[in-house]
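Please open the structure in your viewer and keep the selection panel at hand. The stops below say what to select next and what is found there.

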Amino acid sequence: MPAATAPRAAIRRLLPKTPPWVVMYHSIADATDDPYQVTVSPVRFARQLHWLNDRGLRGVSVRELLAATAAGRARGLVGLTFDDGYADFLDSALPLLRRHDFTATVYVLSGRLGGENAWDADGPRKPLLTEDGVLRVAEAGMEIGSHGLRHVSLPTLDDDALAEETRRSRELLEDITGTPVDGFCYPYGDVDARTVQAVRDAGYRYGCAIAPGPLTCAHALPRIHVGEQDTSWRLTAKRLLHPLRRRSITAPVPAQARPGAEVS
């Protein structure tokens, strides 16, 4: 069986001991106003990719990372993810990823294509990928995943709205790309047992959270936020501390952090 279609159970068996290292980006652009700490400058991003490359690490999409994990070939691989589907990915992130022969997963809001980050009350407005932009990202070899329709906290929704955010968003993206959408990313990292089940029921093979604690599984993977302040030594510390994010199954579910809370 090809690695890309490795059984979900094989991935799940590996996660409790060694959760794969997945890092979380948002926007790659120059910014003077960034209250939510979701923007990394192209210069800093280039240095962070060099940091990975200098240590023999290769950035890959989450789909590729999990397939390699299931096959026992994940050593040296790091999952690169970009939340919200900002339009600057095409001009700022993609050329730098290609320079290193890296891939990544871009989580898109299929209900806001061509719009802007209206969910951020403060801070600058940032344009989001259009339908054509999503297709260009996919054609460049990047994985397209769903971030829902509108960027809302899923645990607050009723069952019908939750199904719409998970199932419908996947269908819309598959119509655009013509390929299966395997991954989901929880807006704000907000996750509970009900939303994990909804993502599973919608047909996704995996889901990305931030700090899911005892919910950690193939459908609620922990990630490390990477920001503008993350220099070499901070990245080293984050990599070493990442395994601690897999909490005991008896631990209480932590309050879910917003993106900026992951910087320190």
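Select helix 6 (residues 159-177) together with helix 7 (residues 193-201): their axes come within 9 Å and cross at roughly 50 degrees, where axes are lines fitted to C-alpha atoms, for helices over the stretch in contact, and angles run from 0 to 180 degrees between N-to-C directions. That angle makes helix 6 oblique to helix 7, since angles under 35 degrees count as roughly parallel, over 145 as roughly antiparallel, 65 to 115 as roughly perpendicular and the rest as oblique.

The model is predicted, with local features needing pLDDT of at least 70 and side-chain atom pairs counting only at pLDDT 80 or more, while totals for chains, interfaces and linings use all residues. Residues are numbered from 1 along each chain as its sequence is written, and side-chain values use heavy atoms, with hydrogens and water left out. Helices (H or I, at least four residues) and strands (E, at least two) are DSSP runs, numbered from the N terminus.

Helix 6 contributes Asp-159, Leu-162, Thr-166 and Arg-167, and helix 7 contributes Arg-194, Thr-195, Ala-198, Val-199 and Asp-201.

Stay in helix 6 and select Ser-169, which is buried, with a relative accessible area of 0%; buried means under 20% relative accessible area, exposed over 50%, and partly exposed in between (1.4 Å probe, protein chains only). A polar atom of the Ser-169 side chain lies 3.0 Å from the backbone oxygen of Thr-166. Leaving aside neighbours within four places in sequence, the residues in contact with Ser-169 include Ser-110, Ser-146, Phe-184 and Tyr-204.

Following helix 3, select Gly-72, whose phi is positive, near 75 degrees.

Which residues other than glycine also have a positive phi? One of them is Gln-37, with phi near 55 degrees, in the loop between strand 2 (27-28) and strand 3 (39-40); Gln-37 is partly exposed, with a relative accessible area of 33%. Another is Asp-84, with phi of about 85 degrees, found in the loop between strand 5 (77-82) and helix 4 (88-99). Asp-84 is buried, with a relative accessible area of 3%.

Key. Contact means heavy atoms within 4.5 Å. A polar contact is a pair of N or O atoms within 3.5 Å; within protein, one must be able to donate a hydrogen and the other to accept it, and residues adjacent in sequence count only if both atoms are side-chain atoms.
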